[in-house]
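Subject: Structure for you to look at

Dear colleague,

I am passing on the structure we talked about, and below it you will find my notes on what was found. Please keep the picture open while you read, so that you can look up each part as it comes.

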Amino acid sequence: MILEEILAGESKNVEFKVQRPKDNIKYMKTVVAFANGEGGRIVFGVDDKTREVVGISNDIVFSEIDAITSAISDSCEPIIIPDVYLQTIDNKTIIIAEISAGKQRPYYIKSLGIKEGTYIRVAGTSRPAGRDITAEMYYEDEGRSYDMVIRRDLTVTDGEIAELCSQMKEVAIANARSDAQKAIIKDVTKNVLLSWGLLAEAEDGSIHPTNGYVFLLGKDSFLSQIQCGMFKGTTRAVFVDKREYGGPLWQQVDDAFQFVLRNIHLGAKLEGIYRKDIYELPPDSIRELIINAVMNCSFLQSSRIQVAIYDDRLEITSPGGLMPGVTIDKMKEGYSKIRNRALAHAFSYMNLIEEWGSGIPKLMKAMHEYSLREPEFIDMGIALRINLYRNIENINIMQDAKGTTQATQGTTQATQGATQAKFTKEYKAVLAVIKNQPDITQKEIAAKLCWKIDRVKYYLNKLKKQNIIRRVGTSQNGHWEMLIEENIWQS
């Protein structure tokens, strides 16, 4: 290590100890956490609070090395063999115990047992892995995919299988980009689902669904959902809108994708004489990230995929950290591993996945083309979060390739709608009420104007379709936004 690394403080892969603790458990948690993760270094002789290099006395340094090596080898299961060595910084000797990423996970502290003694590294601290993450380590290190595990407690009929095969083919055709691609789409059969791992054959010859089948059709009442939310500001303090999408996974992906498009800004630019709608964030990349979240979601964890929109960013979080051998730098270069292999086969057939590993490099390129900052990748240990940052300073303005403003968010649509609309006294009455009380409900508008509720809904729908107004949030807790200037509809 160099002094600058020490001054940077502890991290996901570095921990400091003033001296070797008498109770080995105090640093053995970090040892197994490093082995269960990407590896790391424990530095003895550095104060973890002040980052001062205090050193280890030369009189005991070699006996300390022996004690550290023996303690790690004796205390952990499977056996962990550390690389322990000396280094001199500022004329002081420190001991570094380097732990490599293990290949026989999960590693745990023998005396605590696998249930209580398995640890992982999260944001610079060592924390208990818990049963779900421990089980996931078994599957990953044995080269198995949890979504291919047979569900002997469930049965599936030939009719249900045929219905799924039919639905998947319809989705594949709908997502085909050309007639040539449509022409090569083949029928899905029971045998195909067996080969993909969505179905499995038991010892007695009976056919059962796997976890992948359950998740693909959204049959798990808790885990088979994507949570979406829109928040005011840059924290989760104030909800503006929230949705929980269930049903088949391919429909959940589309629902979550449409939720994002509804809640980010849409502008336009002119290409010759034609007007082209353009979102503030690249739509193809948004869709790709939601699909990646599904492909790499750990269904062993008691949490769901979350899609959150803030004033400054779009945040997509998938339960389950990076797969073994995958790093953020490798992801940016196109390296990928799939956690849910059965689901990946299904999504690939349905033309929801194009090229393996191409999503993140395409995202990086698209964000650059949109003149937005580079996406932020956060490995949370138990989850992976990707942030796409919006252009706060100029969020309502879409520019052409030369940087010249062509349209502001919603303005083009609203102006076109306004010029086509005939602002009768009924339209003006509704708009006047909304202007004075943006959070008013449909029932309250009806009461204020002495109209029937159906009449109110008719005029509101007309105004929304012509992009003159829009509703943000729910019918009861949201508010109306006027997309045109008052002088336009008052004239």
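This is a predicted model: local features need pLDDT of at least 70, side-chain atom pairs count only at pLDDT 80 or more; totals for chains, interfaces and linings use all residues.

You will find Phe44 in strand β2, which covers residues 40–44. Apart from its neighbours within four places in sequence, Phe44 is in contact with a list of residues that includes Lys17, Val18, Tyr27, Ile56, Ile68, Ile94 and Ala97. Phe34, on the other hand, is 10 residues from Phe44 along the chain, and the C-alpha atoms of the two are separated by 16 Å.

Next, the protein as a whole. Its secondary structure comes to 19 helices and 22 strands, and its C-alpha atoms fill a box of roughly 95 × 65 × 45 Å along the principal axes. Of the 491 residues in the protein, 47% are buried. If you take the contacts between residues at least 6 apart in sequence, 65% of them join residues that are at least 24 apart.

One part that deserves a slow look is an open sheet of 6 strands, in which the order is β12-β11-β15-β16-β18-β17 and the pairing is mixed. The strands at its edges are β12 (238–245) and β17 (376–379), and each has a single partner strand, so one side of each is left without a neighbour in the sheet. From one strand to the next, the twist averages 15°. Strand β11 (residues 226–232) runs antiparallel to β12 and is joined to it by 7 bridges, and within this pair of strands Met230 stands opposite Asp241 in β12. Helix α10 (residues 249–263) packs on the sheet, where it touches β11, β12, β15 (305–309) and β16 (313–319), and its direction makes about 10° with that of β11. Helix α11 (residues 283–295) also packs on the sheet, touching β11, β15, β16 and β18 (383–389), with a direction that makes about 20° with that of β16. In the loop between α11 and β15 lies Ser298, which is buried, with a relative accessible area of 2%. Leaving out residues up to four places away in sequence, Ser298 touches Glu136, Pro319, Gly320 and Arg339.

Just after α14 comes Ser371, which takes a positive phi of about 60°.

The aromatic rings come next, and the count of aromatic pairs is 8. In one of them, Tyr139 and Tyr146 have ring centres 5.4 Å apart and planes at 70°, so the pair is edge-to-face. Tyr139 is buried, with a relative accessible area of 16%, whereas Tyr146 is partly exposed, at 23%. Phe231 and Tyr310 form a stacked pair, with 5.2 Å from centre to centre and 15° between the planes. Phe231 lies in strand β11 and Tyr310 in the loop between β15 and β16, so this pair ties together parts that are 79 residues apart in sequence.

Finally, how many disulfides does a search of the whole structure find? The search finds 0. A disulfide is a covalent bond between the sulfur atoms of two cysteines. For Cys228, the closest cysteine sulfur is that of Cys297, and because 13 Å lies between the two sulfurs, they are too far apart for a bond. Cys228 is buried, with a relative accessible area of 5%, and Cys76 also counts as buried, at 0% relative accessibility.

Technical notes. Residues are numbered from 1 along each chain as its sequence is written. Side-chain values use heavy atoms; hydrogens and water are left out. Two strands pair if DSSP finds at least two bridges between them. Helices (H or I, at least four residues) and strands (E, at least two) are DSSP runs, numbered from the N terminus. Axes are lines fitted to C-alpha atoms, for helices over the stretch in contact, and angles run from 0 to 180 degrees between N-to-C directions. Contact means heavy atoms within 4.5 Å. Buried means under 20% relative accessible area, exposed over 50%, partly exposed in between (1.4 Å probe, protein chains only). A disulfide is a pair of cysteine sulfur atoms within 2.5 Å. Rings of Phe, Tyr and Trp (its six-membered ring) pair if their centres lie within 6.5 Å; planes under 30 degrees apart count as stacked, over 60 as edge-to-face and the rest as tilted.
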